[in-house]
Amino acid sequence: MSFNNQDTVVRFDIVKNRRKFFIGSSAIIILGLLFILIQGLHLGVDFKAGTRLDLYIGKEFKPADVEAVIKEKIPNVTFSPVTTYGTYQAFTRFDQTVSSDTMSTVEQALKAKYGDQVNKQVSTVDPSIAREMVKKAAIAVAIAAVGIVIYVAIRFQWLFGVATVAGLLHDVFIPIAIFSVLGLEVDLTFIAALLTILGYSINDKIVIFDRIRENLRTMKSKSVEDLEHLVNVSLWQTMRRSVYTVATVFFTVLAIAILGSESIRNFSLALLFGLVSGTYSSIFIAAQIWVNLKERNMLKKKANS
């Protein structure tokens, strides 16, 4: 697709206002860090030793009645409030591992109360496995990020790679911060969402950086003002594509979050937050960081000449 660079309408000077976007993102990140430090992350069974109990009751029930049965059969174990989802289903999580025999006594008591249609599903993770899962999840995200950075550095130039790293860190941290603020559970599906977010985010950043690189060949950028105009033009040339792409995926994921099952709800929510963060960072953070780095290089060369 070809563009007439000089005729491109710059409806809003994004580059000139980049400090405002930096301040806004910094405020969100600092707020998120405070929440993480104060209340931490609500880790799921995948990353924290314990047992998750999923129940299918099969008829109308009150969570308080199910909790009463659990307290009667397992009196000395702490568990989270019974949460309903789907159709006549509920789940809770125990802070320590609970044996299958003990869970069977809970199931039998619930069958006696609600009928033989009651059944359970138990997921248990011991401390050593939980630690291993945390380690592997961190490694998976790190490998993905490093691979992306290497690709961008080779495909474009190292300044684009640095800007991409900063943008990706922003995109990963925002969903983590929001999950901490809202107290949502962080499990393996959340890690899968983060990796998906990285994929969408890098795609958007590459499109923008490719447009900037192409315009560098055809538009003069001998001064800082020229460079800022070039980036503004590039951003507005790719703006419609960026917005339409994320909007298509956003509304699809939103439908899944609203209509889908509880088991993928956190995945959908993390993806929603990440899609918005990724599109925002591509335009207002990563591209602006590249502008700062490029301007610094230009001023340094000018001072040395």
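Y88 is partly exposed, with a relative accessible area of 33%; partly exposed lies between buried (under 20%) and exposed (over 50%), with a 1.4 Å probe and protein chains only. The residue sits in the loop between strand 3 (83–85) and strand 4 (89–94). Y88 is not a glycine, yet its phi is positive, at about 60°. Helices (H or I, at least four residues) and strands (E, at least two) are DSSP runs, numbered from the N terminus.

The model is predicted: local features need pLDDT of at least 70 and side-chain atom pairs pLDDT 80 or more, while totals for chains, interfaces and linings use all residues. Residues are numbered from 1 along each chain as its sequence is written, and side-chain values use heavy atoms, without hydrogens and water. Mean pLDDT (the predictor's confidence in each residue, from 0 to 100) is 82 for the protein, and 91% of the residues score at least 70.

S180 belongs to helix 5 (residues 158–182). S180 is buried, with a relative accessible area of 1%. Beyond its neighbours within four places in sequence, S180 contacts F35, I36, Q39, G40 and L41 (heavy atoms within 4.5 Å).

The axes of helix 7 (residues 224–259) and helix 8 (residues 265–304) come within 9 Å and cross at roughly 175°. Helix 7 is therefore roughly antiparallel to helix 8 (angles over 145 degrees). Axes are lines fitted to C-alpha atoms, for helices over the stretch in contact, and angles run from 0 to 180 degrees between N-to-C directions.

Notes
Parallel < 35°, antiparallel > 145°, perpendicular 65-115°, else oblique.
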